[in-house]
Amino acid sequence: MKGFVRDNQLLSLCGLNCGLCSMKLGGHCSGCGNGNQSCKIAGCSLEHGGVSYCFQCPEYPCDQYLHIDDYDSFITHQNQKANLERAKAIGMNRYNEEQRERVRILKLLLAHYNDGRRKTFFCLAANLLPLSALQTAVSQLQGSEDLDLKERSAQAVCLLQSSANAHGILLKLRKKPRSGS
């Protein structure tokens, strides 16, 4: 969207963790606020003086957030409102530190444990699992370098899925049902 620019590419205006997005990691999205997306929330931000995050707007949460996290696109929308609330509560510097650690873990998973079929799964895990659970899983994966990639991938998936189950988290994108023709 013309005129909408953002410096922080880790957390979007609306609460998506852009640094953990498979499209951004793959170079298919330059991120929120680089003038190439048409986004009604970006337009709303411009109408409200260019707030950096929706939680800074006096009208937040507005009607645009009623069902914003019901379904996913290519990135999970499950925690959009929770991400904004956490960033507001702990401050952007600390939130970004946590996000940089999540990005580091995600890149490690993709570089050493992705058998070519796990990118979305690892992006979901990095987005949805508590940071401490991600750190624990990565530490448990240390020493698996002697395994082949397929075995390392299976081990990583098993650890992350077990953690997700323990936390009641579904590591699967939730697609909006298609309406009948």
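## A guided reading of the predicted model

Ser52 lies in the loop between helix H2 and helix H3 (80-90), where helices (H or I, at least four residues) and strands (E, at least two) are DSSP runs numbered from the N terminus. This is a predicted model, in which local features need pLDDT of at least 70 and side-chain atom pairs count only at pLDDT 80 or more, while totals for chains, interfaces and linings use all residues. Residues are numbered from 1 along each chain as its sequence is written, and side-chain values use heavy atoms, with hydrogens and water left out.

Ser52 is partly exposed, because its relative accessible area is 34%; buried means under 20%, exposed over 50%, and partly exposed in between (1.4 Å probe, protein chains only). From C-alpha to C-alpha, Ser52 is 5.9 Å from Leu13, although the two are 39 residues apart in sequence. Helix H2 itself covers residues 40-47, and Ile41, Ala42, Gly43, Cys44 and Ser45 are buried in it. Just after H2, Gly49 takes a positive phi of about 85°.

A salt bridge is a side-chain nitrogen of Lys or Arg within 4 Å of a carboxyl oxygen of Asp or Glu. Side chains of opposite charge can pair when their charged atoms come close. Six salt bridges are found in a search of the whole structure. One of them joins the side chains of Lys81 and Asp69, at 3.8 Å from N to O. This pair links distant parts of the chain, since Lys81 belongs to helix H3 and Asp69 to the loop between H2 and H3, 12 residues apart. Lys81 is partly exposed, with a relative accessible area of 26%, whereas Asp69 is buried at 16%.

Another salt bridge brings together the side chains of Asp72 and Arg174 (3.0 Å, N to O). Here too distant parts of the chain are linked: Asp72 is in the loop between H2 and H3, Arg174 is in the segment after H7, and 102 residues separate them. Asp72 is buried, with a relative accessible area of 8%, and Arg174 is partly exposed, with 22%.

Glu98 and Arg86 form a further salt bridge through their side chains (2.5 Å, N to O). The pair connects helix H4, which holds Glu98, with helix H3, which holds Arg86, 12 residues apart. Glu98 is buried at 15% relative accessible area, while Arg86 counts as partly exposed at 36%. Elsewhere, salt bridges that share partners join Asp115, Arg117 and Arg118 into one network.

The interior comes next. A nonpolar core is a set of buried Ala, Val, Leu, Ile, Met, Phe, Trp, Tyr and Cys residues joined through side-chain atoms within 4.5 Å. The largest such core has 29 residues, and those with the most contacts inside it are Leu106, Leu109, Phe122, Leu129, Leu134, Leu160 and Leu171. Helix H4 (92-112), helix H5 (119-128), helix H6 (131-141) and H7 each supply at least two residues of this core. Its largest share, seven residues, comes from H5.

Helix H7 (residues 149-167) also contains Glu151, which is partly exposed because its relative accessible area is 42%. On the surface, Glu145, Asp146, Asp148 and Glu151 gather in a patch of negative charge. Patches are made of residues with over 30% relative accessible area and no salt bridge, with like charges joined within 9 Å and nonpolar side chains (Val, Leu, Ile, Met, Phe, Trp, Tyr) within 5 Å.

Definitions and conventions
Accessible areas come from the Shrake-Rupley method with a 1.4 Å probe; for residues, only the protein chains shown count as cover. Lys and Arg count as positive and Asp and Glu as negative; His and the chain ends are not counted. The place of a charge is taken as NZ of Lys, CZ of Arg, CG of Asp or CD of Glu.
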